[in-house]
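Reader: Hello! I am new to this model and would like to learn how to read it. Could we go through it together, one feature at a time?

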Amino acid sequence: VGTLSKAVGQLGGFVCGSKDLCDYLTNTARSMIYSTALPAPIVSGALAALEVNASEPLLRDAVWDRVRQLESLTGVQATSPIIPFIIGSSEAAMDASRLLLRRGLHVPAIRPPTVKEGSARLR
């Protein structure tokens with residue numbers, strides 16, 4: 001199972017598996033019932049992002065350098081460049097997101113129903 005949204009800046013996701021597994025998911029997974037194929041520009045963008053990732057290791061290294069800097073500033077260990085900071089209330093998370101945006105950092109607030117009530121976060 002993979003995602004194209006955070007990993008390569010697109011939308012959608014995928015499952016790799018046996019024919020039986022894919023058939024089962026296609027016919028029973030709620031999210032697949034009304035789903036269609038990804039639009040060609042989304043697939044093209046995802047492929048281009050993967051090509052850049054493979055051919056530009058310095059860009060990938062720069063992202064990880066920033067992750068390590070954030071770790072040293074916050075004390076939060078990161079296993080991915082997508083680091084959730086639990087804020088608590090939706091209002092506080094939105095306030096923090098707006099403050100960061102005014103300072104030039106786009107850090108979205110993730111709120112219910114995406115996460116459970118009381119665990120709104122910045123990510």
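Reader: Is Arg98 buried, partly exposed or exposed?

Author: Arg98 is partly exposed, with a relative accessible area of 41%. Buried means under 20% relative accessible area, exposed means over 50%, and partly exposed is in between (1.4 Å probe, protein chains only). Before we go on, note that this is a predicted model, in which local features need pLDDT of at least 70 and side-chain atom pairs count only at pLDDT 80 or more, while totals for chains, interfaces and linings use all residues. Residues are numbered from 1 along each chain as its sequence is written, and side-chain values use heavy atoms, with hydrogens and water left out.

Reader: Thank you! With which residue does Arg98 meet in a salt bridge?

Author: Here is the general idea: side chains of opposite charge can pair when their charged atoms come close. The rule used is a side-chain nitrogen of Lys or Arg within 4 Å of a carboxyl oxygen of Asp or Glu. The partner of Arg98 is Asp95, at 2.8 Å from N to O. Both residues lie in helix α6 (residues 90–102), 3 residues apart, about one turn of the helix. Asp95 counts as partly exposed, at 38% relative accessibility. Helices are DSSP runs (H or I, at least four residues), numbered from the N terminus.

Reader: How many salt bridges does the count come to?

Author: The count comes to 3 salt bridges. One of them joins Asp23 and Lys19, with 2.8 Å from N to O. These two are separated by about one helical turn, because they are 4 residues apart in helix α2 (residues 19–28). Lys19 is exposed at 61%, and Asp23 is partly exposed at 34%. Another pairs Glu71 with Arg68, whose closest N and O atoms are 3.1 Å apart. Both sit in helix α5, 3 residues apart. Glu71 is buried, with a relative accessible area of 11%, whereas Arg68 is partly exposed at 40%.

Reader: At what angle do the axes of α4 and α5 cross?

Author: In general, two packed helices are described by the angle between their axes and the distance between the axes. Here, the axes of α4 and α5 (residues 57–74) come within 5 Å and cross at roughly 90°. The two helices are therefore roughly perpendicular to each other. On the α4 side the contact (heavy atoms within 4.5 Å) is made by Val52, Asn53, Ala54 and Ser55, and on the α5 side by Pro57, Leu59 and Arg60. Axes are lines fitted to C-alpha atoms, for helices over the stretch in contact, with angles from 0 to 180 degrees between N-to-C directions. Angles under 35 degrees count as roughly parallel, over 145 as roughly antiparallel, 65 to 115 as roughly perpendicular and the rest as oblique.

Reader: Which residues does Ala46 touch?

Author: Leaving aside residues up to four places away in sequence, Ala46 touches Leu4, Val8 and Gln10. Ala46 lies in helix α4 (residues 40–55) and is buried, at 6% relative accessibility.

Reader: How many disulfides does the structure hold?

Author: A disulfide is a covalent bond between the sulfur atoms of two cysteines. The cut-off is a pair of cysteine sulfur atoms within 2.5 Å. The structure holds 0 disulfides. The sulfur of Cys16 is 7.6 Å from the closest cysteine sulfur, in Cys22, which is too far for a bond. Cys16 is exposed at 62%, while Cys22 is partly exposed at 26%.
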